[in-house]
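This report describes a structure of two protein chains, shown below. It treats the sheets, the backbone features, the contact between the chains and the salt bridges in turn.

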Amino acid sequence: MKTKRSLKERLLLICIVIIVTSLLLCTITIVLVRDVLINDLVKHNESILILTNNQIESSVLTPLEELELTFKLINSDSIDLFLEVYLKANPIVSNIYVANEDASVKSIYPQNDQAYTWNLSYDPSFLNAEADHWNWSQTFISSITNETVISASKKINEYVIIAELQLDNIPIDAQRQALFGEFVRIEVLDKWGTYIISSDTNKISGRYRMPYFDELKKLNSLSDQTLKEHSIIFNYNEKMSWYILVNYDQEEIDRSIIDWFLIIILIWSVFSIILVYSILKYFTQSSNDLEIIGNHTNYVSIGDYNLVEEDLYFTEFKLLDDQLLNMACIISDRTEEIIAMNENLEKLVSERTFELKNTNQKLKDEIQERELIEEKIRLINQSLDNKVKERTIELENLNDELNKSIIEAHRANEAKSKFLAIMSHEMRTPLNGIIGFTHMLSLDIKDPEQHKTLELVLSSSKVLLTLINDVLDVSKYEAGKMKFEKEPFNFKTEIEEVLDSFRVLSEAKGLEFLVLGYDKINVDVIGDQTKVKQIFYNLLNNALKFTNVGSISIECNCRTNPNMYMFDIVITDTGIGMKATGNQLFEPFTQADDSIHRTYGGTGLGLTITKEILNHMMGTIEFINDVLVGTKCHFTMCLEANDQVDTIKKNYRRILFVEDHIVNQTLMIRFFEKYNVPFDLAENGLEAINLFEKYTYDLILMDCQMPVMNGFEATKKIRELDSQIEIIAMTAYTTADDRKKCHEVGMNDFMTKPVNLKTLKNIIGINESLEVIIEEVKDDTIRSYAENLKNHIGFEIEICIELIETFISQLLKGLKEIDSFKITKDYKQIKTILHRLKGASGTVRLDNINSIIIASEELMINEHYEEALEMINTLKMEKLINHLR
Amino acid sequence: MNKIFPLLLIALLLISCGESETIKIGVVGSMSGNQSELSVSGRRGIELAVSIINEQGGLLGKEVELVVKDDLNDMSRAGDIVKEFVNEDIEIVIGPFTSRMMLAAYDSVEAHEILYISPTVCADSLNQKDDHFIRFIASSREQAVALNEVALKNSDKEFIVIIDETNIGFNQQLYQNFKDILEGNNGQINYVLEYSVLDSGIFKTLRDSIKDLDVDGVFIISNASDFATIAQNLVLNDFDASLYGTLWSHTNDILRLGGKDIENAYLVSGISQSEVYHDFNRVFLDYYDRYGENLSFSAMYSYETMMALAEAISKGRSSDWEKAKSTLLEIKNFNGLQFQYELDKYGDSSRPYKIDQIINGGFLTVED
């Protein structure tokens, strides 16, 4: 942004610039003038120098030439007279010597007696004298005048003439020919730089050398004959080898220039003062004029248009002021017009204002009315609000009661479900016992009548179990707690089990039982096998139940989807068919008609559960009825494909069985005994741990719910001792949570109660081959020993065979152990084994083996180890052992 | 104010420095008249030394400026000149060049804060004084010793002595010393002539006095000009004897003035002509280039004196007279153009004299 300055500042600034510039110009001019003057002076002095040079040359050389000429022309007799006149006429020549060739003084002028004794033989003037030119000596003190002189010597005829010259006596006119005052000084130096002419006599008498002679000599060789620094110009005279100097005093020039300078400064000062005065004066006048104009402007601005015309100094400002006055007149007129217009406007405004006031009053009245109405409405609203609040409280109370009723209803329903579940569960356990024992009993009872009775008991028990299970399932379904397990199984294997049982039942009823497409369903899947089996069981049960003649056929199909198998099953029977159709069939506790229940029994829950299960398995079910022909049931289900099939199938040698319930204990003990499986029984978890710490087991079958210590805690403790031992849970709990809990505590697998004996056989490893061996032994050597044992203990032959076979297996195991202890020479362990075998062999009445073992034990006790071991080896040669091995 | 005061001080210092941009050294001597030869050549030696010093940057960063005063060989002016120097703030003066003028100035010098250094004043009376005077030459007695050695060698035993009585302090003492030594060598002085102005009367007296004397040598104690004139008068009167002269007479113009008549004369000398000295030759040539004459003993001694003084000022970092004096005495040993010389604790030199004989218009050192 441009800086704003006042006019006064600007004017003064310009004044200063002009004054300084003019001063500078003056100074430059003076310097230039000085240079010009000096140049003029130098030129002037150069002319003086030439004049002086000529004057000195003529003043010195002319007398010498005259002397030489006279000496040559006048004979020696009249020379004395001539020289006297000559010396008077030429004051610069102070003495003249006439020397003989032998350096003696012939004559001297003016006359001097003493001089005649002098010998000039070593005098440079005499020695250097030549005939053709005058020789100039250095300055010296004259022996005659005692003044500083310079001598000129020359050989003339047979003499040497020596003239001592006192050059001070030369009148130099040029000293007065000055340009400015008397500041020209002329001096002459000899060739050594010694002063020979100078106004300063000390320089002559003291024989001083010119101080800047060395510089001067250098300049002379360069043909520049001005020593500016010292204000000297000079000329070299070759004839005499002298230097003629003109000194000019620069300070003199400066002094004269200062006069000029003062005059110029004076003029400049006057000019400057006038300039500043004029500018300030005009500035003041202008300010006055501007002030008047400013005042006029102010009057106009405050609305005073009656301006008086005033006399202004400058016409330009006067013109401006006139224009301002003119403008004031115009503004005055305009203002009057505006005032008139304003008055009109004000009048209009007041009228309109009055109207507005009236309107406002009306509006106010209306507003008041509105406010009254609004107040009334507000009161009505308030009473409505109160009523709403009252009703709301009533409704809330009603809601609370309703909620309470709902909660109670829920509780009642839950209690019902819980009751059903608990009752079902509690009923199942004794029923398991009944079925188990009945089954076991049926194996032993040979009497057909009794057997038939037992079969009926068994059948009734199974119906009851089915009923209970159905009720339990329905209650779960109602409670929404139906849970589906995810376990790997082979579809064919599991279904085959069901089908096989129905085959037996159908054939027993005289019905043809056909299964088509077995191979199509031989696939491994993941799902709830129990539920799958339940479907087949329910549907086949119905078919079997309502078919008295003809056949039951099952057609199996399986389609493969990615990671999924879709099973398509059709069960066709030639039974009585069904009247009911559609959803009616699947209502709980609903049967085709009440006569059916009376005739065929059943709860009416089967199809309901089946449909629920199938729904869960993304399946469908439909019945195609033909009352005369029979029933065709078509259902589908989807199950996840299992690519990794891992079935635990190991042969366990010794089992720890943990169970608190006496019925289950007995059932399992019978089972173990039947299949000669070695086991120990623990009645609770603590006992199990104690036994585990003492003995080695391959498998632990662990009940979960037990007094003292339950199965979960016992498993945890055992896992702390051994992480490898296989532990399988046996429990009535069948939920996924239980299974999960079992895995968490470290159990390897899970088995539901009532225990499926076939499954248990698979787990323990009781296989077909063993049964075959048993069959073989029955007919062979073992049978004879079994007969012997039977005679002693009265057990069944099969049991005796089993006992012997068990002993033999124990014996073989013992022999193997002995072989290993033999290597480590652990004879104590061998003795223990022998002791154990001794008792067992006695029990089973294998006398040969028993005697060998006893003998071996005795040898061992007597520390005859080698003999004892040899004896033991003979056991291996036994016929029975070799046969079994 | 706090800022202005130091500025003023600096300005004053600058002004005072500006005033003494040079170191002023006084030179006093008889610069005009027939006695001026010794002083003028002495002054020229000093001028040469100063021009060399200034070419090399001066002393203590300042140029050396010579302030020359001519005493006109007037004893009455000697004291006034001392005062003039003092008034001009000049504390160190080289000169005068004759014992006569030094003795005239002595009291005044002692009375002022000033130091006089003379290259050529050898008056015995100034010996062994701790004063404002230093001389760079041995005492006159040494001249008497040197001359007597030559006289003894030449078997010159009978002597006439002619004395310029104006150079008091030097000539009387020298005469006495010469006489004592001569008589000690079984010689004797047969006649003594004292003069103040050489005129025909003096020469008549001389002729009459020595007409019947049979002497071996004439010992002239005078300046060069008088020596030449006396010698020529003796020759004119067929007076045959060896001429002996003092260092005073050993100036450049003695040859010009004396000519053949002073051939074979013996003069006391300060310069050895018998050997080559590099420094001496350099200065000799410089001097000849400047002045067109040979380097006389006076010029050489003056040159050496100025150089010694410059050394003292530089070393003492001061141009104060007392400091210069003490530094000179402290340095003690100085390298001359030909050989080393020494100042004793009184500021007196004892440098040896030589004896030159004038042979074929030149000097030949015969006693070194």
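## Antiparallel sheet of chain A

Strand β8(A) pairs with strand β9 of chain A (residues 232-237) in the antiparallel sense, over two bridges. Two strands are taken to pair if DSSP finds at least two bridges between them. Strands (E, at least two residues) and helices (H or I, at least four residues) are DSSP runs, numbered from the N terminus. Within this pairing, A:Thr226 has A:Ile233 of β9(A) as its bridge partner. The two strands belong to an open sheet of five strands in chain A, with the order β7-β6-β10-β9-β8 and antiparallel pairing. At its edges are β7 (195-197) and β8 (226-227) of chain A, each of which pairs on one side only.

Helix α1 of chain A (residues 7-73) lies across β6 (184-189), β7, β9 and β10 (242-248) of chain A. The helix α1(A) runs at about 145° to β10(A). Axes here are lines fitted to C-alpha atoms, for helices over the stretch in contact, and angles run from 0 to 180 degrees between N-to-C directions.

## Basis of the model

The structure is a predicted model, in which local features need pLDDT of at least 70 and side-chain atom pairs count only at pLDDT 80 or more, while totals for chains, interfaces and linings use all residues. Residues are numbered from 1 along each chain as its sequence is written, chains are lettered from A and ligands numbered from 1 in the order in which they are written, and side-chain values use heavy atoms, with hydrogens and water left out.

## Parallel sheet of chain A

Another open sheet of chain A has five strands in the order β19-β18-β20-β21-β22, with parallel pairing. Strands β19 (679-682) and β22 (749-752) of chain A each have a single partner strand, so one side of each is left without a neighbour in the sheet. From one strand to the next, the twist averages 20°. Strand β18 (residues 655-658) and strand β20 (residues 699-703) of chain A run parallel and are joined by four bridges. In this pair, A:Val658 stands opposite A:Met702 of β20(A).

Helix α14 of chain A (residues 685-694) packs on the sheet and touches β18, β19 and β20 of chain A, its direction making about 145° with that of β19(A). Helix α15 of chain A (residues 711-721) lies across β20 and β21 (726-731) of chain A and runs at about 150° to β20(A).

## Backbone features

The peptide bond from A:Tyr109 to A:Pro110 is cis, with omega near -10°. A:Pro110 is in the loop between β2 (105-109) and α3 (124-127) of chain A. In chain B, a cis peptide bond joins B:Gly95 and B:Pro96, with omega about -10°. B:Pro96 is placed in the loop between β3 (92-94) and α4 (99-111) of chain B.

B:Leu60, a residue other than glycine, has a positive phi, near 50°. This residue lies in the loop between α2 and β2 (63-70) of chain B.

## Contact between the chains

Chain B contributes 35 residues to the contact and chain A 21 residues, where contact means heavy atoms within 4.5 Å. The area buried between the two chains is about 2400 Å², of which carbon and sulfur atoms give 45%. Buried area is the accessible area (1.4 Å probe) that two parts lose on being put together, summed over both. In chain B, the residues that lose the most area to chain A are B:Gln232, B:Arg256 and B:Arg290, together 25% of what that side buries.

Between chain B and chain A, 12 residue pairs are in polar contact, both residues being at pLDDT 80 or more. A polar contact is a pair of N or O atoms within 3.5 Å; within protein, one must be able to donate a hydrogen and the other to accept it, and residues adjacent in sequence count only if both atoms are side-chain atoms. Helices α2 (37-55), α7 (200-210), α8 (224-236), α9 (253-258) and α10 (278-291) of chain B each supply at least two residues of the side that touches chain A. The largest share, five residues, comes from α2(B).

## Salt bridges

Over all chains, the count comes to 24 salt bridges, each a side-chain nitrogen of Lys or Arg within 4 Å of a carboxyl oxygen of Asp or Glu. A:Lys838 forms one with A:Glu857, the closest N and O atoms being 3.0 Å apart. A:Lys838 lies in helix α21 (residues 827-843) and A:Glu857 in helix α22 (residues 847-861) of chain A, so the pair ties together parts 19 residues apart in sequence.

Two salt bridges are found across the interface of chain B and chain A. A:Arg207 forms a salt bridge with B:Glu37, with 3.3 Å between the closest N and O atoms.
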